[in-house]
Amino acid sequence: MNNVSDGSSTHCSITMEPSTGARKNRPTNVYIWDMDETLILLKSLLDGTYMQAFGGSKDSRQGIEIGKRWEKQILQVCDDHFFYEQIEDYNEPFLLSLNEFDDGKDLSDYDFKDDGLTFPCDDSNKRKLAYRHRAIANKYSKGLHNVLDHNMIKQWDDLYKLTDIYTDGWLSSARALLDQTSGRNKTDASQPSSSENKYDNMDTKCKDINVLVTSGSLIPSLVKCMLFHLDDQIVYENVYSSWEVGKLQCFSWIRERFSGPLVRFCVIGDGMEECDAAERMCWPFVKMDFRPKAPHRFPGLTVRIIEHYMEVIYGPFNYADDEKEQ
């Protein structure tokens, strides 16, 4: 994995100039999301900053208790089902980073508890770690309903609903937007298009991609995706941990994977690191803020708002013309 170049410009503007033939296709949008205090709320519940932003109208003790319950559940699922006690010190930036060491061995009867995984992380241990990553990817693809028992699922569902109510629909609104950006929401074909709905009602012909880049370590981040019901919209291949490599490096890898003549990138997050990295990449950045009167938060953020930020960098795309040519 090559390091990102340090010679990137910090300010730039890009106008997409596709060929005449390419104009018949709408651009692919790659949405790069932060996790905490963007798609979910957790750290701000644990430290009380979310409640403080509401000036006393939120029960602080309840908010902190909700955060602690999530923290306990995340660690329990990590340890019980995702090998976290074994591989906590082996953080990788994404699950496929050790693919070259995976020989494809059948893992159905593999003894993960007694295969001798240890330091140093030589080729033999990297192969054992790659096996675990493959098993984790398989569990992620199948979903937690195939991993947890009935009682655990009920506790999880109840905690999710409680959190969504407490945060005024933050979690469900974030999921609904991810559904739109991944093309999962179908448009009613009988509904006329207008300037008011041309972005918010994009249909399933779109090829847009959701990517997660989080500063947390990889395995807990994957588990958080599953527990917060984000795994349907964000596949495991698109989850990156910037814990050790930094967000700029992750953004560079994402550009290498998806870059093309009709690809546009946009970063959505709450922190300075992703803001600075987006600027270095010449990508638009949407700043999230959980304060009640903040301009970009959930509920409130829409595809149309994100599109406006993208147009500043890439220029406008005429969706009406694209529909006529289909």
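Colleague: Where is Asp36?

Modeller: Asp36 is in the loop between strand 1 and helix 1. Helices (DSSP H or I, at least four residues) and strands (DSSP E, at least two) are numbered from the N terminus. The model is predicted, so local features need pLDDT of at least 70 and side-chain atom pairs pLDDT 80 or more, while totals for chains, interfaces and linings use all residues. Residues count from 1 along each chain as its sequence is written, and side-chain values use heavy atoms, without hydrogens or water.

Colleague: Is Asp36 buried or exposed?

Modeller: Asp36 is buried, at 8% relative accessible area. The cut-offs are under 20% for buried, over 50% for exposed and partly exposed in between (1.4 Å probe, protein chains only).

Colleague: What does Asp36 touch?

Modeller: Leaving out residues up to four places away in sequence, Asp36 touches Leu42, Lys43, Lys224 and Asp270. A contact is heavy atoms within 4.5 Å.

Colleague: Which residues does UniProt list for "binding site"?

Modeller: Asp34, Asp36 and Asp270, in an unreviewed UniProt entry. UniProt positions follow the numbering used here, feature names are shortened, and annotations may be inferred rather than shown by experiment. These three span 237 residues of sequence, yet they cluster in space. Their largest C-alpha distance is 8.3 Å.

Colleague: And which are listed for "active site"?

Modeller: Asp34 and Asp36, from the unreviewed UniProt entry.

Colleague: Let's take Asp34. Where is it, and is it buried or exposed?

Modeller: Asp34 is in the loop between strand 1 (28–33) and helix 1 (43–46). It counts as buried because its relative accessibility is 7%.

Colleague: What is Asp34 in contact with?

Modeller: Beyond its neighbours within four places in sequence, Asp34 meets Leu39, Leu212, Val213, Thr214, Lys247, Ile268, Gly269, Asp270 and Glu274.

Colleague: Now Asp270. Where does it lie?

Modeller: In the loop between strand 4 (263–269) and helix 10 (272–280). Asp270 is partly exposed, with 26% relative accessible area. It touches Asp34, Asp36, Glu37, Thr38, Lys287 and Met288, not counting residues up to four places away in sequence.

Colleague: Lys224 touches Asp36. What about helix 8? How many of its residues are buried?

Modeller: 10 of the 10 residues of helix 8 (residues 218–227) are buried, so the helix is largely enclosed by the rest of the structure. Among them are Lys224, Ser221, Pro220 and Cys225.

Colleague: What do they pack against?

Modeller: Helix 3, helix 4 (84–87), helix 5, helix 6, strand 2 and strand 3 (239–241).

Colleague: What follows helix 8?

Modeller: His229, with a positive phi near 60°.

Colleague: Strand 2 came up. What does Val211 touch there?

Modeller: Val211 lies in strand 2 (residues 209–214). Not counting residues up to four places away in sequence, it touches Val30, Tyr31, Ile32, Trp33, Asn238, Tyr240, Ile254 and Phe258. Val211 is buried, with 0% relative accessible area. Val211 and Tyr240 are 29 residues apart in sequence and 7.9 Å apart in space, C-alpha to C-alpha.

Colleague: Helix 5 too. What about His133? Is it buried or exposed?

Modeller: His133 is found in helix 5 (residues 123–142). It counts as buried because its relative accessibility is 4%. It touches Glu92, Phe94, Leu95 and Leu98, leaving out residues up to four places away in sequence.

Colleague: At what angle do helix 3 and helix 6 cross?

Modeller: Roughly 145°, and the axes of helix 3 (residues 60–81) and helix 6 (residues 150–166) come within 11 Å. Axes are lines fitted to C-alpha atoms over the stretch in contact, and angles run from 0 to 180 degrees between N-to-C directions.

Colleague: Which residues make that contact?

Modeller: Helix 3 gives Ser60, Gln62, Gly63, Ile66, Arg69, Trp70, Gln73, Gln76 and Val77. Helix 6 gives Met152, Gln155, Trp156, Leu159, Tyr160, Leu162, Thr163 and Tyr166.

Colleague: Zoom out. How many helices and strands are there in the protein?

Modeller: 12 helices and five strands. Of the 326 residues, 52% count as buried. Among contacts between residues at least 6 apart in sequence, 76% join residues at least 24 apart.
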